[in-house]
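Please read this report alongside the sequence and the coordinates. The headings below name the topic of each part.

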Amino acid sequence: MLSYRHAFHAGNHADVLKHIVLVLTLEYYQRKDKPFWYIDTHAGVGLYHLNSSEALKTREFTHGIQNLWSASNTPDALHLYLNLIRQLNAQPTLEHYPGSPWIAANVLRKTDQLRLFELHPTDFTALENNLGYDKRIQISKQDGLKGLLGLLPPITRRAVTLIDPSYELKTDYADVISTLIKAHQRFATGTYMLWYPVIERQRIKQMIHALLQSKIAGILQIEYCPLADNAGIGMTGSGLFVINPPWLLAGQMQSALPWINQQMANSTGHFTVTYITPEKTT
Ligand code: SAM
């Protein structure tokens, strides 16, 4: 039974962090001529209206993208991401926010391809309506974790995967880590981004512990929390574990996060960009 709907949360601080990391990673992958796949295990609907009753009910975007999209003096690392948001919205009103599939579809080249999974029947149909016209895109109404494993290794031998579940079930935390480890065993050179919410710090420690046991080298953790940790009282921040991150990513996020923190939380938030497992030595 799926009750989570991303329309209530589109454009919040967690979306902003995740989508900045996504854009930087996809941008980096285009430095090589060779095509690649973008795999999105939990795709959502692809495009959100910020004047919908869902978005207006929580107004989460007012603590996220609204604080960033029209700011000046933006760090270089954010240019492409913010240009995409501006492309969707005529200033001065912020009315639309893109989901990860829309962002990828607008960053990727003609030769790259997208494989999207969305299990919620209504959101699956909306995703098809929003992006189904694009010949590079295949959309499956299937469990994204199983679907991911079925795609690996990709025929392109290059792929960027975003794993972005709603963590509705407590078992999701363990399931995503075991899927990530299996995915890495099948295709070790791909880039994998696993998003997580900061709700209970202990859960993140458990995820890190499991990743350390996996012996996967060079896992980058990027986390931004506008609020102090406050176990059990909602989401205070979010983060991503990135396996095989582009080598520029850590530096780009280190330089952008103080600015993001200033815009979103008057510099009262906290962030980390750190390798939780040692980088590969060659
Ligand atoms: N990645 C999207 C973005 O950044 O715009 C947001 C995704 S939202 C956090 C999670 C989505 O996963 C929801 O739309 C939900 O319906 C869907 N979902 C939940 N369980 C799923 C599963 N097992 N397989 C695929 N999709 C699932």
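## Basis of the model

This is a predicted model, in which local features need pLDDT of at least 70 and side-chain atom pairs count only at pLDDT 80 or more, whereas totals for chains, interfaces and linings use all residues. Residues are numbered from 1 along each chain as its sequence is written, and side-chain values use heavy atoms, with hydrogens and water left out.

## Overall fold

The protein has nine helices and 10 strands; these elements are DSSP runs numbered from the N terminus, with helices being H or I of at least four residues and strands being E of at least two. Along its principal axes, the C-alpha trace spans about 45 × 40 × 40 Å. The radius of gyration is 18 Å, which agrees with the value near 19 Å that a compact globule of 282 residues would have; the radius is taken over C-alpha atoms, and the globule rule is 2.2 Å times the number of residues to the power 0.38.

Of the 282 residues, 55% count as buried, where buried means under 20% relative accessible area, exposed means over 50%, and partly exposed lies in between (1.4 Å probe, protein chains only). Contact means heavy atoms within 4.5 Å, and residues 24 or more positions apart account for 76% of the contacts with a separation of 6 or more. The protein exposes about 12,800 Å², of which carbon and sulfur atoms supply 51%; accessible areas come from the Shrake-Rupley method with a 1.4 Å probe, and for residues only the protein chains shown count as cover.

There are 25 positive and 22 negative side chains, and the centres of the two sets lie 7 Å apart. Lys and Arg count as positive and Asp and Glu as negative, while His and the chain ends are not counted; the place of a charge is taken as NZ of Lys, CZ of Arg, CG of Asp or CD of Glu.

## Annotated positions

An unreviewed UniProt entry carries the annotation "binding site" for His 19, His 42, Ser 100, Glu 118, Asp 143, Gly 144 and Asp 164, and UniProt also places the feature "active site" (unreviewed entry) at Asp 164. The positions are given in the numbering used here, feature names are shortened, and annotations may be inferred rather than shown by experiment.

Asp 164 lies in the loop between strand 6 (159-163) and helix 7 (172-186) and is buried, with a relative accessible area of 13%. Leaving aside neighbours within four places in sequence, Asp 164 is in contact with Lys 18, Thr 41, His 42 and Trp 195. His 42, in the loop between strand 1 (37-40) and strand 2 (47-49), is partly exposed at 22%; beyond four places in sequence, the contacts of His 42 include Glu 118 and Asp 164, both of which carry the "binding site" annotation. Ser 100 is found in helix 4 (residues 100-107) and is buried, with a relative accessible area of 4%. With neighbours within four places in sequence left aside, the contacts of Ser 100 include His 19, Tyr 38 and Asp 40.

## Backbone geometry

Most residues other than glycine have a negative phi, and most peptide bonds are trans. The peptide bond from Leu 152 to Pro 153 is cis, with omega near -5°, and Pro 153 lies in the loop between helix 6 (144-151) and strand 6.

Tyr 167 has a positive phi near 55°; Tyr 167 is in the loop between strand 6 and helix 7 and is buried, with a relative accessible area of 9%. Ser 267 also has a positive phi, of about 65°, and is found in the loop between helix 9 (249-265) and strand 10 (270-275), where Ser 267 counts as partly exposed at 43% relative accessibility.

## Helix 6 and its cover

Helix 6 is mostly covered, with six of its eight residues buried: Gly 144, Leu 145, Gly 147, Leu 148, Leu 149 and Leu 151. The cover over these buried residues includes strand 1, strand 4 (113-117), strand 6 and helix 7. Gly 144 is also among the positions annotated as "binding site" in the UniProt record.
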